[in-house]
Amino acid sequence: MSEREIRVQYYALLREQAGRSDETLTTAARDARELYTELRARYSFTLPPEMLRVAINAEFGEWSQPLKAGDAVVFIPPVAGG
Amino acid sequence: MSPFRFSTSALDTVALQRQMRDESCGGFASFEGWVRNHNEGHAVTRLEYEAFAELAEKEGARIVEEARVKYGVTRAACVHRVGSLGLGDVAVWVGVSAAHRDEAFRACRFIIDEVKHRVPIWKKEHYVNGDSGWVNCERCAMPGAHTHEHEHGHHPHVHVPTPDYSRQIALREVGPEGQARLRSSSVLVVGAGGLGVPVLQYLAGAGVGRLSIIDADRLEPSNLHRQTWYALSECGQEKSSLAATRVRALNPEVRVEAHALRLDAHNAERLCAGHDLILDCSDNFATKFLLNDLALRTGKPVMFASVYQYEGQLQLVRGDNASACLRCVWPEARDGLVGNCAEAGVLGPVPGVFGSLQALEALKLLLGLPGLKPDEMLIFDLITLSTQRLRARRQPECEAHRRAASSAPLLAPEELEVQFGSLADAASAGFVFVDVRDTREREAEPLPAGALHLPMSKLLTDAATLDLAGRYLLICATGKRSAAAAGLLRSQGFAECRSLRGGLKNLKASA
């Protein structure tokens with residue numbers, strides 16, 4: 001599978017653990033789940049994918065959704081502070 | 001004649017003056033305000049006046065009566081034009097008759113000054129260049145009570161100002177109709193903390209007719225960096241009543257109710273009844289999901305906001321079967337998964353921004369203006385200042401939608417404390433016991449075999465031996481230490497741990 005450039009944004013706990021709000025990276029991950037697995041290994045994210053949501057191009061999507069070059073991917077955990 | 005009225009037709013000043021005649025009066029003074037051909041450097045061709053009649057007539061009559069009492073004059077009246085006026089037309093007329101000229105002059109002056117300050121009337125000026133603009137110059141919205149010094153050595157007269165919505169009524173999208181709509185609206189605000197404070201401030205300021213506040217907490221010093229409405233000296237007091245007092249001080253026209261309790265499955269429907277809109281300003285998923293269920297059950301919209309450190313999320317749940325609810329987005333969310341303000345920290349203005357957004361969206365919703373769509377979540381990262389509107393979808397397998405359709409009872413939030421008649425009952429409910437008492441207490445009154453021992457002193461270090469998803473019942477003598485321990489473990493991610501309400505003492509008492 002060829003590598004593609006994807007723009008990724010992190011929120012809440014993920015932003016803390018990644019130490020950044022966003023980045024553009026080159027990945028061979030085919031879908032959102034593979035991308036998260038790759039990033040989880042890199043940044044030691046504690047949250048399993050079941051506990052967060054992924055949004056692709058401004059729409060909440062499924063983990064199995066295939067990624068294509070130029071996609072904007074957002075990983076968001078639920079937050080409840082008030 | 002009525003002391004204050006509006007007229008849509010030209011004023012007959014001769015007829016008006018005739019009505020002021022009285023044989024006991026030795027003097028008559030009158031004032032006429034005319035439409036002039038310029039204002040602040042603009043050449044004016046004509047004017048339009050508009051008034052919020054219901055409020056304005058009441059306030060105008062009050063002014064005339066005040067003048068009559070204050071100066072002891074015999075007759076006093078004021079008539080104000082509304083509608084379209086040409087140059088030279090009489091816009092406002094004041095007439096006063098009294099035994100002597102001095103009272104007549106002063107009462108006349110008082111009435112016109114007060115009318116200009118206090119009566120909600122707006123003026124649209126049409127300029128020679130074809131432009132026009134609404135001017136709120138008839139009223140001076142003065143912060144706090146203003147004092148009028150009157151000549152002739154009279155004592156200064158202080159009057160209590162009335163709420164003035166002129167600055168928002170001036171908006172074309174609001175106008176007098178929008179203001180009346182806000183006045184007849186009723187909003188429930190769940191949580192009077194970081195989000196609730198700005199929400200309540202703006203909704204009270206805007207003149208929303210009725211506000212209900214639910215908050216079980218008491219003010220703590222650690223709240224104040226983000227809940228800047230309150231005072232350090234008020235720590236220990238119930239936030240719901242502190243907030244209600246401030247709402248009344250900000251706007252006495254708002255009917256406000258304070259409920260110092262936690263929203264639960266038993267009281268939720270009763271507390272939410274009679275409100276047009278619910279704002280979730282809570283800090284836990286248990287409350288949020290309960291409100292979500294309630295929205296789906298009743299069809300009442302709930303505006304959710306949640307913050308974390310430097311960011312937050314905003315979502316509107318319409319409560320219909322077609323659009324996404326909170327559970328459609330977060331099927332697996334529960335308390336203890338990610339930190340709250342206490343553990344993760346939060347910068348004060350962050351809930352301030354989101355509470356303000358909530359208030360803004362609430363007002364727009366009540367006014368029928370466009371805003372956040374039902375299937376949308378707004379996320380705002382206040383570190384990078386980037387916003388995103390993410391589209392969510394109604395999930396076909398959504399648990400909350402399914403329950404609402406089946407009209408099953410509301411789910412109780414994940415209560416921290418549970419009550420049992422006996423330990424046997426608790427064991428049969430599937431709980432593993434965790435004894436948080438010290439060794440001496442434990443030996444004096446042991447728990448059944450199989451109970452874990454995790455004294456308070458070792459709670460945090462030994463918690464690692466527990467299973468995150470374990471169904472634990474924390475037990476102590478009176479239920480106080482175990483409740484604190486359960487709270488602590490919850491915050492560490494042990495979502496299923498509970499405290500035995502009342503402790504062992506309560507079991508014995510009820511046995």
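This is a predicted model: local features need pLDDT of at least 70, side-chain atom pairs count only at pLDDT 80 or more; totals for chains, interfaces and linings use all residues.
**Chain A**

Chain A holds two helices and five strands. Their order along the sequence is β-α-β-α-β-β-β. The chain has 82 residues, and 56% of them are buried. Take the contacts in chain A between residues at least 6 apart in sequence: 49% of these join residues at least 24 apart.

**The eight-stranded sheet of chain B**

Eight strands of chain B build an open sheet. Their order is S14-S13-S12-S15-S16-S17-S18-S19, and the pairing is mixed. The edges are taken by S14 (255-259) and S19 (386-391) of chain B. Each has a single partner strand, so one side of each lacks a neighbour in the sheet. From one strand to the next, the twist averages 15 degrees.

Inside this sheet, S12 (residues 186-190) and S15 (residues 277-280) of chain B run parallel. Four bridges join them. B:Val190 has B:Asp280 in S15(B) as its bridge partner.

Helices pack on this sheet. H7(B) touches S13 (210-214) and S14 of chain B, and its direction makes about 170 degrees with that of S14(B). H12 (residues 349-367) of chain B lies across S12, S15, S16 (302-308), S17 (311-317) and S18 (376-381) of chain B. H12(B) runs at about 20 degrees to S17(B).

**Helix pairs in chain B**

| Helix pair | Angle | Axis separation |
|---|---|---|
| H6(B) and H7(B) | about 30 degrees | 9 Å apart |
| H5(B) and H12(B) | roughly 110 degrees | within 9 Å |

H6 (residues 196-206) and H7 (residues 239-250) of chain B form one pair. Their angle of about 30 degrees is under 35 degrees, and H6(B) and H7(B) are therefore roughly parallel to each other. The crossing of H6(B) past H7(B) is right-handed. On the H6(B) side, the contact uses B:Leu200, B:Gln201, B:Ala204 and B:Gly205. On the H7(B) side, it uses B:Ala243, B:Val247 and B:Leu250. These contact residues divide into five nonpolar, two polar and no charged.

H5 (residues 175-183) of chain B and H12(B) form another pair, crossing at roughly 110 degrees. H5(B) is thus roughly perpendicular to H12(B). B:Gly178, B:Arg181 and B:Leu182 of H5(B) make the contact with B:Leu363, B:Leu366 and B:Leu367 of H12(B). By class, this contact of H5(B) with H12(B) has four nonpolar residues, one polar and one charged.

**The five-stranded sheet of chain B**

Five strands of chain B form an open sheet with parallel pairing, in the order S20-S24-S23-S21-S22. S20 (417-418) and S22 (452-453) of chain B stand at its edges. Each pairs with a single partner strand, so one side of each is left without a neighbour in the sheet. S21 (residues 432-435) of chain B runs parallel to S22(B), and two bridges join them. B:Asp435 stands opposite B:His453 in S22(B).

**An exposed phenylalanine**

B:Phe105 sits in H3 (residues 101-118) of chain B. Its relative accessible area is 55%. Exposed means over 50%, so B:Phe105 counts as exposed. B:Phe31 is 74 residues away from B:Phe105 along the chain, with 9.3 Å between their C-alpha atoms.

Definitions and conventions:
Residues are numbered from 1 along each chain as its sequence is written. Chains are lettered from A and ligands numbered from 1 in the order in which they are written. Side-chain values use heavy atoms; hydrogens and water are left out. Axes are lines fitted to C-alpha atoms, for helices over the stretch in contact, and angles run from 0 to 180 degrees between N-to-C directions. Angles under 35 degrees count as roughly parallel, over 145 as roughly antiparallel, 65 to 115 as roughly perpendicular and the rest as oblique. A crossing is left-handed if the near helix is turned anticlockwise from the far one by less than a right angle, and right-handed if clockwise. Contact means heavy atoms within 4.5 Å. Ala, Val, Leu, Ile, Met, Phe, Trp, Tyr, Cys and Pro count as nonpolar, Asp, Glu, Lys and Arg as charged, and the others, Gly among them, as polar. Two strands pair if DSSP finds at least two bridges between them. Buried means under 20% relative accessible area, exposed over 50%, partly exposed in between (1.4 Å probe, protein chains only).
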